[in-house]
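Please read the points alongside the sequence and the model.

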Amino acid sequence: MNTFTIGGVHPQANKLTEDRKTETAPLPVQAVFPLSQHIGAPAVPCVQKGDRVLVGTKIAEPGGFMSACIHSSVSGKVAKIDTIVDASGLRKPAVFIDVEGDEWEPSIDRSDRLVLQCNMSREEIVERIKACGIVGMGGACFPTHVKLCPPKDCAIDTLIVNAVECEPYLTADHRLMLECPDQIIIGIKIILKVLGIDRAVIGIEENKPDAIAVMRSKTSMVSGIEVMPLRMKYPQGGEKQLIEAVTGRQVPPPPALPANVGCVVQNVGTVYAIYEAVMKNKPLFERIVTVTGKSVKNPCNLKVRMGTPVSQLIEYAGGMPEDTGKLISGGPMMGRPLLDDTAPVVKGTSGLLMLPEKDAARKEERNCIRCAKCVSACPMGLEPYLLATVSQSQEWDVAEEGMIMSCIECGCCQTTCPSNRPLLDWVRLGKNRVGGIIRARNAKK
Amino acid sequence: MAQKLYISTSPHVHGGDSIEKNMHWVITALLPAFIASVIIFGIGALIVTATSVLSCMLFEWLINRYLLKRSSSTLGDGSAIITGMLLAFNLPSNIPLYMVVMGSLVAIGIGKMAFGGLGNNPFNPALVGRVFLLVSFPSRMTSWPVPHQMLAYSDAVTAATPLGLMGYQNDSLPSYLDMFLGNTGGSLGETCALALLIGLVILLWRKVITWHIPVSILLTVAVLTGIMWLVNPVTYADPLTHLLSGGLMLGSIFMATDYVTSPMTKNGMVWYGIGIGFLTVIIRLFGSYPEGMSFAILIMNAVTPLINNWCKPKRFGLTEK
Amino acid sequence: MSPILTAILVLGITGLVLGIVLFVIARKFKVEEDPRVGQIAELLPGANCGGCGFPGCSAFAEACVKRDSMEGVKCSVCKSEVMQQIAAITGHAVEAGVEKIAVVRCSGSCENRPRLRAYDGAGSCAVAAMMNGGTTGCFFGCLGCGDCVSACKFDAIHMNPETGLPEVDQEKCTACGACAKACPRGIIELRNRNKLDRRVYVSCVNRDKGPVAKKACNAACIGCGKCVKACPFEAITLENNLAYIDFEKCRLCRKCVDECPQHTIMAVNFPPKRVQAEQAEVQETTESNTSQEQ
């Protein structure tokens, strides 16, 4: 069974919700849409206070090439355009909409009918994906229309569908595969058409045998789409690790892209969103969110309208447990801590994790005992102990030489460290500073 | 919201590994060798080991408390116990106790705490103590008691060890089975290869160490002594005898693999192992000391920072030039 | 020949040969250094703080000698007499520098700014700042991990455990600027040391709108602009909901201090005010201020 070759760890999977059917979360009273839910320039609002919007009405235009538009997930009236603190911890501009009823844009096909035939041209499809504001649903939120137009000099031969979901606790992608496999297959076909290739591989970790079986049965009649079970190892869902696991090719260090080795990776959630956008004309305004945690009364997978405050999801799952020490948007390995429960669900919210205090609180930091476990764990072949030390002493040139920019911030080093050292905290700081130095140097040239 | 939440950047969970866990598994892995030493050398082994462990812990506590003036004790991490056990394993079982205490003081005081405690010492503390005793009291350190004198301590009868016999009386060497089970003279913890190999299996099973260092040392020694043996089987002993004799097993499994003083990368570990194996063979065959393991490890400890500089892990996506 | 003689001969010849080698090398590789560099370096504090912009004190001394004028070459740590001495050595005139001091512009003590969350990451402000939001509702104020304290080479800034804020020791501070550079939130500013070390400054950098700022911290600047109106010297500007007092223009009249509803504006090292009735006339206040100014 395939997997990536360098490093990796095996965190406790804790998939508490893998057998829970996706439920639909109730509508919020007020939905909040931060204007930067994606990598790149923030979107520019195209509604004003007092405007009436329907479900699916565009409320913000892309703010540049690398950007995406945002649609309302509710019908009602724009209450204000103000700021809100989202998962990034920044106070960002956002559109607030007071919910009135649930009236959809008439252009959206709300039926359950499976649309099989796509008669649109490649350009039309990309245009539709852009107009529907689709971004990568794995967490990075890279605008999908940009990713589907790889540089001209790269010959793409494989589409890899990322259904690995290696983050502990999260089961949103898993449930999606069990519940909507047909839509995913059609979505894959659409992407293959856009890229002009005929090979797609769905990478699924072996701890989801039911998903592997379902996807296998659906793809058995389709040529060109292959389901590839992968041996469990974190961070297999990392783009570079997944490409290596599936094709054996290693993406060179930055600034090289996956396209340089002939691959395009799309999250399975994104594939589903592409199907809905292209076939049903439905913009990206809802997604599956796993609300989970060891002490949560009713952990569940919820189909949530964007903009719903997380406090409402917590309430649906039975309230925040007494012992909660950390509220995380995303998984425990790469998720972001939420400052409080007012943050809204955005396009990249794959899960909501309430971590008990005893798991969340970090233990006392000790001396590095040079056990080299971080070096063995690093999936990028870096030396986290060294990078953390030089970042702490601000030796940015040594950090750059140590290829700090290759770090994918997966957190393997820090979870393995027997001395509880905050390795990734420091490496992230170093990456931040070295990145600034490199940008300044390039600007000078 | 009632609770006060923690905030910090990812990752938010920890694998649960700790210094203590690693150290406790090393101690567990040392236990078979300790039991074997008591069976082979009797009460002497027990006395020496107990003294060494207790004095190492005492010195660590004293230095931490009164010289470094740190509030938290570092005894709990178990590294002082390991140093004490390893130091004792490298001593003959009839050594006077004041020497053991002196060795412990040098091991903990100069070998470890002088550099700031666990994690900062460039040399293996137990070996620093052992080599100090070896050069200070050469005769006491190289007269090893004959096995199976259960109740004898300082009055134990001594005899030459296989390594001492090597090169002079190759025909009077003990049998392989005796050497494997430890029925030969030698430092108290080093003779029973079987017990040490059980320890190796425990360490590998608990993923405390990787195979790279022990295997590369043993292979290097086997290959080099094998070549010499093929060249001249009269003067040089065969590779199996070399592998089973002296402190080679103990050194390659427990001393060379010490976290703090060994390289950080897999390829670095292999080079480090080859270096130790090479130096050991050179000292054994051509040096004036019969055993070269301690010196070989200490020399390679000194080279470790250089190895860390030269041997980088295989970077993802970077093709070899 | 007796062994003693041999030993003496061998050692003697070795000594002689090595001595000659040393002599030749010392001659050949002698570095000509301007003696003034050494003289200047002796005057400098030798802390290598980097406040001057050069890599260290010796590099600064070298720059003093090599440059044609002392423009832009100034040791922020040295007193002006020392700079005069340096000028006497180099023969260039030095500009009379204004002495400065580091000022912490945040009043978000635990009392004023309740800690809503607990920070659990690496103990460095630079790392904590990467999470954007912090342990309090204020996204601009002090993070309290003490990067400024570790940056200070002169032991002049310390965390006050009661307030959770750094405090500058005005005797020790040399205004090298290391703390200001280390602070990821730009709270610390170098301001003029005025007569008797008196300073008036806005002790807040919160650029949020008034209500948001006020909710986060009892001592936050809410951008009301009362101080701007009160200032007779146009020294106060209001930008992004935040008042700023230009220390070049400020004449230390302290009118703004009384106006500020949040008590964000700090007046340091002024003698305690004469006891005044709460409803004292404005006229009286103005008079007392003017008299202090003179």
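1. In this predicted model, 63 residues of chain A are in contact with 40 residues of chain B, contact meaning heavy atoms within 4.5 Å. About 4400 Å² is buried between chain A and chain B, carbon and sulfur atoms giving 55% of that area; buried area is the accessible area (1.4 Å probe) that two parts lose on being put together, summed over both.

2. Between chain A and chain B there are 4 salt bridges (a side-chain nitrogen of Lys or Arg within 4 Å of a carboxyl oxygen of Asp or Glu). E20(B) forms a salt bridge with R366(A), with 3.0 Å between the closest N and O atoms.

3. On the side of chain A that touches chain B, the elements giving two or more residues include α6 (239–247), β15 (324–329) and α14 (423–444) of chain A. Helices (H or I, at least four residues) and strands (E, at least two) are DSSP runs, numbered from the N terminus. The largest share, 5 residues, comes from β15(A).

4. Helix α5 (residues 209–219) of chain A has A211(A), I212(A), M215(A) and T219(A) buried, that is, under 20% relative accessible area (1.4 Å probe, protein chains only). These buried residues line one face of the helix, because they fall within an arc of 100° seen down the axis of α5(A); the arc is that of the directions from the helix axis to the C-beta atoms. They pack against α3 (172–179), α4 (181–195), β10 (200–205) and β11 (225–230) of chain A.

5. Residues are numbered from 1 along each chain as its sequence is written, and chains are lettered from A in the order in which they are written. Local features need pLDDT of at least 70, side-chain atom pairs count only at pLDDT 80 or more, and totals for chains, interfaces and linings use all residues, while side-chain values use heavy atoms, with hydrogens and water left out.

Conventions
Buried < 20%, exposed > 50% of the residue type's maximum accessible area, 1.4 Å probe, protein only.
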